[in-house]
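Here are my notes on the model you sent over.

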Amino acid sequence: MDEQLNQAAANILVVDDTPANLRLLVGILTEQGYTVRPARDGFQALSIAQGIPLDLILLDIQMPQIDGYEVCSKLKADERTRHIPVIFISALSDVFDKVKAFGVGGVDYITKPFQVEEVLARVETHLALQYLQKSLRAKNEDLGKTNEQLATTLQQLKATQDELIQSEKMAALGQLIAGVAHEINTPLGAIRSSAGSISKFLGQTLEKLPDLFQSLSREEAHNFLALLQQSLQGESTFSAKEERQFKRALIRQLEEKGIENADIFADTLIDMGIYHEIGPFLSLLKRPDSKHLLEIAYKLSGLHRGTQTINLATERASKVVFALKTYARYDQSGEMVLANLAEGIETVLTLYQNQLKNSVNVVRNYTELPPLLCYPDELNQVWTNIIHNALQAMNYEGTLIIDIAQQDQQAYISITDSGQGIPEYIQSKIFEPFFTTKPSGEGSGLGLDIVKKIIDKHRGRVEVTSIPGKTTFTVSLPINIKEETQ
Amino acid sequence: MSKPVILCVDDEKVVLKSLKTQLKEAFGDAYFYELAEDADEALELIHEVWEDESSIILIVSDWLMPGMKGDEFLTRVHKEFPSIIKIMLTGQADELAIERAKEQANLHQCLYKPWSEEELVATIKSGLAQR
């Protein structure tokens with residue numbers, strides 16, 4: 001035996017209705033160091049076996065009232081005593097049914113008269129077996145517990161992973177917040193300002209209108225209205241610089257026509273969105289009350305400008321809020337939904353708008369894709385992480401190219417930046433968790449690991465090719481078009 | 001042109017237009033109002049005006065702009081034209097940047113978007129009073 005058998009502590013029950021046999025066996029076994037209990041009949045044996053832990057039972061077969069086979073059956077039928085090995089004691093002279101003995105659950109037998117060594121050897125063997133079985137049972141139980149713990153830990157790990165992804169998202173969001181606050185406060189400023197102007201202008205002009213039209217001839221009134229019309233129709237899509245050029249030209253024009261205060265008039269006309277073709281209005285400008293007239297025209301048209309500004313600004317702010325909401329949303333359902341990939345990318349670009357404006361040239365090559373079955377919130381995280389890396393690599397200056405293409409049943413989304421590139425020896429590592437080239441504290445290094453995990457979840461692939469000046473991340477996703485069957 | 005100029009700098013046209021409308025309303029013909037959409041254009045404009053023998057007396061500038069940020073812009077202006085009153089109007093506060101502008105550009109005041117017309121006008125008046 002390899003195991004350390006604590007035989008001294010083994011509890012053995014000896015059952016025999018013949019006192020002499022009982023004494024003999026008890027004696028032999030006790031001498032070996034076992035703890036031995038005697039029983040004179042089957043009922044006593046059962047009672048003892050149910051009451052105390054036993055490691056072995058030596059059971060006489062020929063007993064009055066209840067024989068050994070029956071006792072053994074009863075022992076095996078009871079959960080408490082089922083595991084105790086039973087060795088039958090039979091007399092040579094008895095008809096010993098070996099098959100029945102093993103059939104009722106006995107593990108061995110000894111025949112009287114017995115050899116002491118033989119008895120001891122068998123006892124030792126079965127005790128060892130019993131011990132091993134006990135050991136095995138205990139170990140199995142432990143294994144079962146360990147499995148349960150592992151399953152729980154796995155659950156926790158999955159939950160943690162989800163949390164990490166969400167917190168990465170929030171961290172990236174935190175970095176965007178500053179820009180986003182600006183993106184919302186700016187339109188709000190324009191709205192507030194315009195609302196104020198509208199209210200002021202209305203108050204100032206309303207009461208002056210009757211007198212104004214009374215003082216104008218029909219033709220002049222017609223010109224005045226035409227001036228207003230032109231202002232209302234004008235859409236100022238010119239840059240400040242371009243408007244300055246128009247102004248200079250307008251000043252010259254007015255001065256040529258001998259109009260005083262040409263600079264002030266020109267400034268007001270430009271503000272009204274009138275850049276040239278002022279021929280019809282020259283007569284108005286030559287009147288002695290020209291300043292007054294122009295001011296009213298400016299304020300009246302200002303009502304329209306104010307409203308336009310408010311509309312534009314509101315749309316801008318809504319777009320940003322929507323993008324924010326979309327981005328921060330955490331879909332708990334865990335189910336794939338149909339989504340438009342281009343919309344997702346545009347949402348991300350909206351949030352980065354402030355950092356892209358003017359210094360990053362964004363080129364979009366989108367081909368029409370059918371709606372894709374995916375986790376749109378997680379894909380947004382993918383675009384964010386890749387675009388964020390791209391912008392950082394270019395130092396927020398350069399060209400960002402986004403391609404959407406389809407081949408067979410795969411969608412291909414490529415994001416290319418004009419940054420310094422990823423050295424070849426790093427390229428294979430960038431998707432590893434916690435790998436980062438940024439200084440400590442600036443990046444968790446999980447961005448691309450998360451990207452990879454999300455793309456894996458979609459059964460897609462993500463690849464990178466890079467040379468200095470051109471780095472491209474390509475994500476391919478299967479287009480699982482689910483056919484709705486009713 | 002000897003009328004003094006107030007310059008507004010912001011990458012958002014709607015803000016520039018709104019500011020001009022408000023300033024024109026508050027100060028009328030006392031000043032000319034010029035607009036620039038980024039720091040570089042603003043610097044160019046400042047020199048143009050200077051060459052035209054006119055002068056910019058006050059600048060209202062955004063902070064978060066593409067390219068040069070507002071604090072850097074105002075600091076540059078301060079080096080060449082220390083007498084120009086500088087006001088920052090920002091949609092997002094970077095505390096450090098505002099501190100820098102106060103120290104290195106002698107920033108008169110920083111206002112936040114959405115701004116109130118009254119506060120803007122009062123700030124400009126107080127700034128101009130210091131000249």
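1. A definition to start with: a residue is buried if 20 or more other C-beta atoms lie within 10 Å of its own, exposed if 12 or fewer, and partly exposed in between. Keep in mind that this is a predicted model. By that count, 29% of the 486 residues of chain A are buried.

2. Five strands of chain A make an open, parallel sheet, and the order across it is β2-β1-β3-β4-β5. The edges belong to β2 (35–39) and β5 of chain A; each has a single partner strand, so one side of each has no neighbour in the sheet. From one strand to the next, the twist averages 20°.

3. For a closer look at one pairing, go to β3 (residues 56–60) and β4 (residues 86–91) of chain A, which run parallel and are joined by 4 bridges. Within this part of the sheet, A:I57 sits opposite A:V86 of β4(A).

4. Which helices pack on this sheet? Helix α1 (residues 19–31) of chain A does, touching β1 (11–15), β2, β3 and β5 of chain A, and its direction makes about 170° with that of β2(A). Helix α3 (residues 68–77) of chain A packs on the sheet as well, touching β1, β3 and β4 of chain A, with about 150° between its direction and that of β3(A).

5. Some backbone spots deserve a look, because most residues other than glycine have a negative phi, and most peptide bonds are trans. The bond from A:K112 to A:P113 is cis, with omega near -10°, and A:P113 is in the loop between β5 (108–112) and α5 (116–206) of chain A. In chain B, the bond from B:K113 to B:P114 is cis, also with omega near -10°; B:P114 is in the loop between β5 (109–112) and α5 (117–129) of chain B.

6. Next come the positive phi values. A:N261 has phi near 55° and lies in the loop between α8 (240–256) and α9 (262–271) of chain A. For A:Y396, phi is positive at about 60°, and the residue is in the loop between α13 (376–394) and β9 (398–407) of chain A.

7. How many residues does each chain bring to the contact? Chain A puts in 28 residues and chain B puts in 27 residues. On the chain A side, the elements giving two or more residues are α5, α8, α9 and α11. The most comes from α5(A), with 14 residues. By class, the chain A side divides into 8 nonpolar, 14 polar and 6 charged residues.

8. Helix α11 (residues 290–328) of chain A packs with helix α1 (residues 13–27) of chain B at an angle of about 145°, their axes 11 Å apart. The crossing of α11(A) and α1(B) is left-handed. A:G302, A:T309, A:L312 and A:A313 meet B:V14, B:K17, B:S18 and B:T21 here.

Notes. Residues numbered from 1 in each chain as written. Chains lettered and ligands numbered in written order. Predicted model: local features only at pLDDT ≥ 70, side-chain atom pairs only at ≥ 80, totals over all residues. Axes fitted to C-alpha atoms, helices over the stretch in contact; angles between N-to-C directions. Left-handed = near helix turned anticlockwise from the far one by under 90°. Contact = placed C-beta atoms within 7 Å. Nonpolar A, V, L, I, M, F, W, Y, C, P; charged D, E, K, R; others polar. Pairing = 2+ DSSP bridges.
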